[in-house]
Amino acid sequence: MDSSNTTVTSSSGYELLLTAVSLIPMSHYLLGVLFFSLVFLYNFLEFHFLQDLVRGFRGSPVSLTFNSYSEIYEGVASKCRILQGRYLATPWLSSPHFQTVFLNFFGNPPAFSYRRQLFHASDGGTIALDWLTSSDVSEGTSNTNTISKDDKTPLVVVVPGLTSDSDSAYIKHLAFNTAKRGWNVVVSNHRGLGGISVTVSSDCFYNAGWTEDIREVINHLHVEFPEAPLFAVGTSIGANILVKYLGEDGENVPVAGAAAISSPWDLLIGDRFICRRLLQKFYDRALTVGLQGYAQLHQPRYMRLADWEGIRKSRSIRDFDNYATRLVGKFETVDTYYRRCSSAGYVGSVSVPLLCISALDDPVCTREAIPWDECRANKNIVLATTQHGGHLAFFEGLTASSLWWVKAVNEFLGVLHSSSFVHIQKKTETSGHHSSFESAIDQGPYVNMAGDGRVAAIGSGEIVEDLSELHNKTKDRDEMASDVEKVELLTEAKPSSSSDVRPTETSSLTKCINQLSRYNRRSIWLLAYIAIMTTWPLVGSALLLVFRKKLRNYLPAGLRKK
């Protein structure tokens, strides 16, 4: 009876619940679905409008990483108002994905025309150099002006990003604003881009680590305009190429100062990152389509040098690099290509004042690849990071008509030019800037994937350091031994001249012998310890078997029975 009443009560309760649910208007359900959808999209697209609203739309401060003894920071970066200030993204573009997409599809670039120059490289390749002078953007002047050989106007060389050329919106923003402030600009387009085909004589394509073109272009410009201070700005892959070039040549570069914007730094980490989430896969696919379009322009050569069917079916950057870049560049594997062409390993060798700018929410080049410690260790580098900005975007203002990083770069280079910290080329003999390409396949850095999905580079730095220290100790010991041998030979050859040996030479010889004996004494004790510890189980068992009967005579009767 009680159970039947309970069943009736529960069923009537569910009926009441369903009745109450049916009484709620459908519009309320739609509002609820809309609300949860907006919350999901807000987090999925990484919007930060509410955070900006809480801050009163003041933006977030620019974080600067530099060496504590850096003269570049004290004399240049500390005087830059933009770098010492804050960055606020355009409110209706308060998402790194919105900023990045808006830059590529719209970008609000200024309208102007370049002056084209064809530069022929030493291997027969052709590179399109697009010029914009300060007089080209002035009113009432045409773009037919040429620069005289003794012109002292600063010249900025721009290296575009992956599949980008001088017509890209962000390149136009940089070129126009730089020329507007009175400087000359030349955009060094990658081979096969800018409307210029790859020449038959060279069969050479650019990649993320190809520094030969920018090296030849900069050297050519330095010869043509020896009085003009040369500055360089690299963007995205162009930033990776620029930093790698600066690190390869060290002091021997005619560049007075440089800037690297949204650099990928470590291509191996970037490859893992861009395949991690759904949105990153969208960028991966979009960039792959751009690379396939680039390959389509040069199909006959790619069909001869690479795997055209694999290029056509590529669905990611890694696929394209496997079927095209790796084969054309003659790399053993794709990871080998990424390791050898990453600029992170060259940061420590940069001898030019360098400003690096990266957004921590960059959806293409992850913050996990930024070489924080290497930048902090180099006195010539100032690393500026912002909380927001997307990839190469950094739009600011209500109309999104300007890019924050363009103003920051122009201010930095302007202050640097007027200071005493500009780099002056020093001719040095190097062992060759291609030494990094001679490494084996298994050379670091390697990638470590943590449990939370983060990617980090791990290298053999500590091992190399230990080995180098051991090598130095061994070298010192060998040198001391050789000194002893030389003195012994000298004594055997001239026994009567032992009295002619100077006291300082005798003392140094005695010191060497003492050090050698100290090393040998330590080695002997270490070997003795190792021998005892490793042979004790065997020796102890043998001794127990031999002396068991004798030990029985000395043991108490109770223990003998046991």
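I count a residue as buried when its relative accessible area is under 20%, as exposed when it is over 50%, and as partly exposed in between, using a 1.4 Å probe and protein chains only.

**Entry 1: the whole protein**

I am reading a predicted model, in which local features need pLDDT of at least 70 and side-chain atom pairs count only at pLDDT 80 or more, while totals for chains, interfaces and linings use all residues. Residues are numbered from 1 along each chain as its sequence is written, and side-chain values use heavy atoms, with hydrogens and water left out.

I looked up the secondary structure and found 20 helices and 15 strands, taken as DSSP runs (helices H or I, at least four residues; strands E, at least two) and numbered from the N terminus. Of the 562 residues in the protein, 44% are buried. I then turned to contacts (heavy atoms within 4.5 Å): among those with a separation of 6 or more, 76% join residues 24 or more positions apart.

I compared helix lengths with the expected span, which is 1.5 Å times one less than the number of residues. Helix α6, residues 169-180, has twelve residues and should span 16 Å, and I note agreement because its end C-alpha atoms are 16 Å apart. Nine of the twelve residues of α6 are buried, so I call this helix mostly covered. The buried set includes Ala169, Tyr170, Ile171 and Lys172 at one end of the list, and Thr178 and Ala179 at the other. Just after α6, Gly182 takes a positive phi of about 105°.

How many of the residues of α8 are buried? I find 13 of 13, and the helix is mostly covered.

**Entry 2: helix α13**

Helix α13 (residues 317-329) also has 13 residues, but its end C-alpha atoms are only 15 Å apart, short of the 18 Å that a straight helix would reach. Where does α13 bend? I find a bend of about 30° at Tyr323, the bend being the angle between axes fitted to the seven residues ending there and the seven starting there. The buried residues of α13 are Ile317, Phe320, Asp321, Ala324, Thr325, Arg326 and Val328. These buried residues pack against α10 (278-297), α11 (299-305), α12 (308-312) and α14 (334-341). Just after the helix, Lys330 takes a positive phi of about 60°.

**Entry 3: cysteines**

I searched the whole structure for disulfides (a pair of cysteine sulfur atoms within 2.5 Å) and found zero. Cys356 is in no disulfide, and its nearest cysteine sulfur, that of Cys375, is 5.0 Å away. Cys356 counts as buried because its relative accessibility is 0%, and Cys341, at 0%, counts as buried as well.

**Entry 4: Ser402**

Ser402 is found in strand β13, which covers residues 402-403. Is Ser402 buried or exposed? With a relative accessible area of 16%, Ser402 is buried. Leaving aside neighbours within four places in sequence, I find Ser402 in contact with Phe394, Phe395, Glu396 and Lys407. I also looked at Gly107, which is 295 residues from Ser402 in sequence, although the two C-alpha atoms are 9.0 Å apart in space.
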